[in-house]
Amino acid sequence: MPAIAHAPSADAAAPAEAVGPLTRGLAVLRLLTDAGGRLGLSELVRETGLARSTVDRIASTLERMGYLRVEGSAAALAPRLMELGNAYLSAVRLPDLLGPHATRLADLLDESVSLAVPDGDGIRFVHQATRRRALSLSFRIGDRLPIERTAPGPLFAAEWTEAAWAAWRERRAVDPEDRGFPAVPPRSGAPVSDLSDLADLVDRAAEAAQRGWAADDQLIEPGLVAIALPVRDLVGRQVCAVSVVSHTSRHSAASLAETALPRLRETVALMEAELGRPTPPLTPSAERPAEWSRQSKQELGAEFVESLARGLTVLTAFGEGRAELPLTAVAEATGLPRATARRALLTLQHLGYVAAAERCFAPTPQMLALGFAPLSRLSLAQIAEPHLAALAARVHDSASLAVLAGDDIQYIARVAATRVMSVDLRVGTRLPAYATSMGRVLLAGLPPEQRAARLASADPQPLTRRTVTSAAALAALLDQAADEGHALVDEELEDGLRAIAVPVRDRDGRAVAAVNVSMHAARRSLADCRALLPALRATAAAVETDLHTAGRYARVEPV
């Protein structure tokens, strides 16, 4: 199929069929994204120029979809919103096909490696393999950078049409300090009228076209250097660029090129071979959200903007094996009437979120502008905190999240119940895993040989008269926890303290954390503790859903 045409500018006149609520909802999401993921509702009113009632209805709809949390007078983006960016990334397949090669190159060179795609007059990152140093790359998947201040930029600009060059010059004239790119520091030290880099990009693009690679010598910020090569598909189209990024404390731009170019060329050859692999067949969508939208409208009435919800679900029609879809396929995937899907697609095309060619639609990198960058930096603790708060409010006892840390567990998130007598534990606290409910479900989730090794090194000590210290008895308890999917500890850590825990699993099914409820023994019998299991499991499932969405392409750290 021919390349998808560049999306029209959002500044052009909207088509008559444009869906106004969808346009307004997307504007709210973009504002929240550019603000780092959180804004007061009154600020959204001021920045959008919309009525407060309209902003409230948009927020209510997005909250119902799981894309937003309304916390008092503020709105915050929620991890589920990343499913839109995930749809784009899985559709284009670049992180899945090329990401492993980028990671191996980063390991080989001990430098950060990025994959970027062109996005209008900018570049947008779709994969990062970052080295962890005091001076390390801080850009996120989804961040958009001005094309003239990057290494991939001249590679993409070398293939621009005159219309694209004109659009770039216009943007530079309107925004000479790059205020429209929140991911980069504004230009400083030069007068606003200094646009000397206009000619510079022309020269760099010509040089890149001639030698086949390009460099960034501290154009983003002092100390940062990078080199980039294009990655082309079977017909020679430049689909992305791979760049190696370093710091002047390690390399100059010239020495980085001398050191990294041979390995980078080898990696690009492997990447281009990957792009030659067949596209997976069209896969049916697992969900048909149109019915869900109708039910939500019936339940919430005027507080649910159905046309906004339907328009956003159109974006989820794309994905692996669904990179380019005709209108009929979009309507079938979403369960929407064909006319409704068409209006949504025309609106999304006008705003630049999809592009069209030969009666097919495809997602554009701009889908990553819908919250992906700020949400990609969420930790597991941050993902879990709202769910822990809901659990604590539901059961009226403290709720916690912990991970294994050697022979201990370490608390990474906690919501304490408000009581005269409560369990006094804080984030960062470490406790022996063998004597805690969360420790036991985490140990139970290990492969048998690792579990046995942990028990052998633990040297259990009696912390109370009830503490189980026998290796055989502990092994049996871990087997039971693995079979039952939970662990209940009764006054083994401290007299009067009971706790029950369930695991939280990652996309591969590994128990990476545990969530528990703890209480004084006088408040609940053992049977009462077990009665909390449905609420605990529902909380763990909610955390897992967000973790799996956030961790599809971004790395989720514990804290």
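The model is predicted: local features need pLDDT of at least 70, side-chain atom pairs count only at pLDDT 80 or more, and totals for chains, interfaces and linings use all residues. Residues are numbered from 1 along each chain as its sequence is written, and side-chain values use heavy atoms, with hydrogens and water left out.

Helices (H or I, at least four residues) and strands (E, at least two) are DSSP runs, numbered from the N terminus. Two strands pair if DSSP finds at least two bridges between them.

**The three-stranded sheet**

- Three strands make an open sheet in the order S1-S3-S2, and their pairing is antiparallel.
- Strand S1 (38-40) and strand S2 (68-71) stand at the edges with a single partner strand each, so one side of each has no neighbour in the sheet.
- On average, neighbouring strands of this sheet are turned by 20° against each other, direction ignored.
- S2 and strand S3 (residues 74-77) run antiparallel and are joined by four bridges.
- Leu68 has Leu77 as its bridge partner in S3.
- Helix H1 (residues 20-34) lies across S1, S2 and S3, at about 85° to S3.
- For such angles, axes are lines fitted to C-alpha atoms (for helices, over the stretch in contact), and values run from 0 to 180 degrees between N-to-C directions.

**The second largest pocket**

- The volume of the second largest pocket is about 1,500 Å³.
- Its lining has 44 residues, and the closest to the pocket centre are Arg132, Ala554, Arg555, Val556 and Glu557.
- A pocket is an open set of points on a 1 Å grid over the protein atoms alone, where a 1.4 Å probe fits, with protein on both sides within 12 Å along at least five of seven lines; lining residues have an atom within 4 Å of a point.
- Grid points are joined across faces, edges and corners, and the volume is the space filled by probe spheres set on the points.
- Elements that each supply at least two lining residues include helix H5 (94-109), strand S5 (122-129) and strand S13 (398-405).
- Helix H17 (448-458) and strand S18 (511-520) also each supply at least two.
- H5 gives the most, with five residues.
- The lining has 20 nonpolar, 11 polar and 13 charged residues.
- Here Ala, Val, Leu, Ile, Met, Phe, Trp, Tyr, Cys and Pro count as nonpolar, Asp, Glu, Lys and Arg as charged, and the others, Gly among them, as polar.

**Strand S4 and its partners**

- Seven of the eight residues of strand S4 (residues 112-119) are buried; buried means under 20% relative accessible area, with a 1.4 Å probe and protein chains only.
- S4 runs antiparallel to strand S9 (residues 238-247), with five bridges between them.
- Ser114 stands opposite Ser243 in S9.
- S4 also pairs with S5, in the antiparallel sense, over seven bridges.
- S4 and S5 form a hairpin with two residues between them, and Gly120 in the turn has a positive phi of about 65°.
- Asp119 stands opposite Gly122 in S5.

**Two buried residues**

- Ala208 is found in helix H8 (residues 197-211) and is buried, with a relative accessible area of 4%.
- Beyond its neighbours within four places in sequence, Ala208 is in contact with Pro154, Leu155, Trp213 and Ala214; contact means heavy atoms within 4.5 Å.
- Ala208 and Val314 are 106 residues apart in sequence and 38 Å apart in space, C-alpha to C-alpha.
- Arg171 lies in helix H7 (residues 162-174) and is buried at 14% relative accessible area.
- Leaving out residues up to four places away in sequence, Arg171 touches Asp121, Pro146, Ile147, Glu148, Asp178 and Phe181.

Definitions and conventions
Buried < 20%, exposed > 50% of the residue type's maximum accessible area, 1.4 Å probe, protein only.
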